[in-house]
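Hi,

Here is the structure I promised to pass on.

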Amino acid sequence: MKRLHVHVAVPDLEQSIRFYSTLFGAEPVKVKQDYAKWMLEDPRVNFAISQRGSREPGVDHVGVQVDTRTELDELAARLKAAGETTLDQEATTCCYAQSDKSWVNDPAGVRWETFYTFGDATTYGEESDEKAEAAACCGAAAQRGVEEPIAVQNSCCGSPAAKPAQARTSCC
């Protein structure tokens with residue numbers, strides 16, 4: 001069964017935890033110094049927030065979480081069939097979890113993550129390969145050499161000081 005994933009960058013983690021806990025009527029299932037996550041059944045969503053570095057507040061990325069590697073392979077194949085370039089990551093540490101992932105930017109520049117999580121991790125995971133993260137962040141448009149849409153310009157790739165190959169992404 002698939003679950004919608006939404007990740008929001010927030011300026012004040014504690015204030016946002018209080019707000020979303022009240023909105024959802026539930027406490028987060030995971031809380032770290034810079035991250036919180038709710039796994040809700042109604043609506044069925046993996047909702048995460050983080051306060052990391054200089055990220056602009058707002059929707060960081062959206063995605064689909066799957067229950068099996070087979071489902072992930074099916075979704076990645078659909079993206080490739082649509083002619084989109086994906087960044088596939090295996091056994092990556094991200095958002096305090098171990099996951100296999102496939103990243104893509106939609107035609108409007110919104111970052112999408114499809115992923116299968118198979119374990120917890122003790123670190124957020126940004127110390128991993130920055131080049132792979134930059135590709136996930138900046139997606140197909142950057143790989144084709146075209147200017148990113150506003151949604152991506154305002155994400156981790158859009159900081160004036162960061163070029164796509166140097167950018168970092170929140171990956172969950």
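Below is what turned up, starting with the sheet and then the helices.

This is a predicted model. Its sheet is open and has eight strands, in the order β2-β3-β4-β1-β5-β8-β7-β6. The pairing is mixed. From one strand to the next, the twist averages 25 degrees.

Helix α1 (residues 13-24) packs on it and touches β1 (3-9), β2, β3 (35-41) and β4 (44-50). The direction of α1 makes about 10 degrees with that of β3. Helix α2 (residues 69-81) lies across β5 (58-66), β6, β7 and β8 (111-120). Helix α2 runs at about 15 degrees to β7.

Now the strand pairs. As a reminder, strands of a sheet pair through backbone hydrogen bonds, either parallel or antiparallel.

- β5 and β8 run parallel, joined by five bridges. In this region, G63 stands opposite E113 in β8.
- β7 and β8 run antiparallel, joined by nine bridges. S102 stands opposite T114 in β8.
- β6 and β7 (residues 97-105) pair in the antiparallel sense over six bridges. L87 has W103 in β7 as its bridge partner.

One turn to look at: β7 and β8 form a hairpin, with five residues between them. G109 lies in that turn and has a positive phi of about 95 degrees.

Best wishes

Key: Residues numbered from 1 in each chain as written. Predicted model: local features only at pLDDT ≥ 70, side-chain atom pairs only at ≥ 80, totals over all residues. Heavy atoms only, no water. Pairing = 2+ DSSP bridges. Helix = DSSP H or I, 4+ residues; strand = E, 2+ residues; numbered from the N terminus. Axes fitted to C-alpha atoms, helices over the stretch in contact; angles between N-to-C directions. Contact = heavy atoms within 4.5 Å.
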